[in-house]
Amino acid sequence: MSADRLAAALRPWRWECAWALWAVANLVWMVEMPDWVSVPFHFIWVSLTVLFGFRLWSDAFTWTLVGLVVLSTGIVLLTSWAKGMPADELLEIPLMFAMFLAMMLHTIRRRAATAELQRVSEENARMLQRERSFVQNASHALRTPITVALAHAELARGFAVAESVKVDTAIVADELGRLRGLTDQLLVLATADAANLARPVPTDLTAVVAAAHRRWAPTPRRWSVVRHDEATVLADEDQLILALDAVIENAIKVTDDGAPIELAVVRQNGTAAIEVRDGGPGIAPELLDKLFERFMRGTAHRGATGGFGLGLAIVDAITQAHGGYVSAANRPEGGAVVAMHLPLADGAPAAPGGGDRSHRAHPPAAQPATAPAAAVPT
């Protein structure tokens, strides 16, 4: 075998080779200087313990190496004892072996626990992927028959003569429409992660909020954009609009006609927040920590029809996929604020913008609810 091939073969074992040379040097020290025999003896065992902690050899290799150390150091100590070394020095052999054995067994247990934790983590990841694939495939499979059935229900309602048939077909069409909405939301949840973002591009949040204001202005609420700091983030604009519309739709459901809904873009400390402040009765304190969980629903506000409890969960998933987070809180003046916090594209410090300068980028802490708890019909 050539020198290069030998070096390549030994490269993965370079630390073991270095330790072997160190151990041999200390064995020579033990033989040549019997009066100092305990010092190199401890050097060998301590260095072996340290190396094992870093390398974590297989059990067979470890036991083989420990056996060689016990044998070689034991022979030297016995030889030194025969030459007049105190007998109590021989106790070092079982003592050091016992200490190394305790450390090794502890390390093996830790390694087994880590391997089990890794196995559970990988299994959970596979289960999550299977769940996501199932939801995605099921949503795709359900959309076509629901759409066909909805079209036939609408057609039947148009041709119905008897009033009872019209009522029945209207109910069927409404429920099919709700099912179609549910499958669409489940599909969004199954695909709303960082891996599925379609090439995030620099996106002006002020323009996104202004477009949302124009889009929702015909809804009979008192709309206003109270703050519009300049802020650019890296985002999939379509998904960002989907999340913002879900927050606004939720605000509409808990806000009476003519009551205010305020939109804002607040930039601060390297982040930007899109805030939607509604004119409803606020969020029940017990719901604040659960607001963005899937299928979390509150009591319908003033008879409004509740959703499936997926709207704000979609907002949370999309915001996290963009490296941000979503928050909600009650406002001291009444109503609630839901904010999507996103990292700025440039990461620059915030420059104060116009509008409501007294409001913080992070929503205020939840206030004690004095009004009836609002619904969260997402």
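**Close-up views of a predicted chain**

The accessible surface of the chain comes to about 21,000 Å², of which 62% belongs to carbon and sulfur atoms (areas from the Shrake-Rupley method with a 1.4 Å probe; for residues, only the protein chains shown count as cover). The model is predicted, so that local features need pLDDT of at least 70 and side-chain atom pairs count only at pLDDT 80 or more, whereas totals for chains, interfaces and linings use all residues. Residues are numbered from 1 along each chain as its sequence is written, and side-chain values use heavy atoms, with hydrogens and water left out.

**View 1. The chain as a whole.** The secondary structure comprises 10 helices and 7 strands (DSSP runs numbered from the N terminus, helices being H or I of at least four residues and strands E of at least two). Of the 378 residues in the chain, 38% are buried (under 20% relative accessible area, with exposed over 50% and partly exposed in between; 1.4 Å probe, protein chains only).

**View 2. Helix α2 against helix α3.** The axes of α2 (residues 14-32) and α3 (residues 38-55) come within 8 Å and cross at roughly 170° (lines fitted to C-alpha atoms over the stretch in contact, with angles from 0 to 180 degrees between N-to-C directions). α2 is therefore roughly antiparallel to α3 (angles over 145 degrees). Residues making the contact (heavy atoms within 4.5 Å) include W15, W19, W22 and W29 of α2 and F41, F43, I44 and L48 of α3. By class, the residues of this contact divide into 14 nonpolar, 2 polar and 2 charged (Ala, Val, Leu, Ile, Met, Phe, Trp, Tyr, Cys and Pro count as nonpolar, Asp, Glu, Lys and Arg as charged, and the others, Gly among them, as polar).

**View 3. Helix α3 against helix α4.** The axes of α3 and α4 come within 11 Å and cross at roughly 175°, and these two helices are therefore roughly antiparallel to each other. The contact involves F41, I44, W45, L48 and F52 of α3 together with T62, L65, V66, V69, V70, T73 and L77 of α4; 10 of these residues are nonpolar, 2 are polar and none is charged.

**View 4. Aromatic rings.** The count comes to 5 aromatic pairs (rings of Phe, Tyr and Trp, the last by its six-membered ring, with centres within 6.5 Å; planes under 30 degrees apart count as stacked, over 60 as edge-to-face and the rest as tilted). The rings of W13 and F61 have centres 5.3 Å apart and planes at 40°, so this pair is tilted. W13 lies in the loop between α1 (3-10) and α2, whereas F61 belongs to helix α4 (residues 59-82), 48 residues apart. W13 is partly exposed at 38% relative accessibility, and F61 is partly exposed at 30%. Ring pairs also link W22, W29 and F43 into a cluster.

Notes. Angles under 35 degrees count as roughly parallel, over 145 as roughly antiparallel, 65 to 115 as roughly perpendicular and the rest as oblique.
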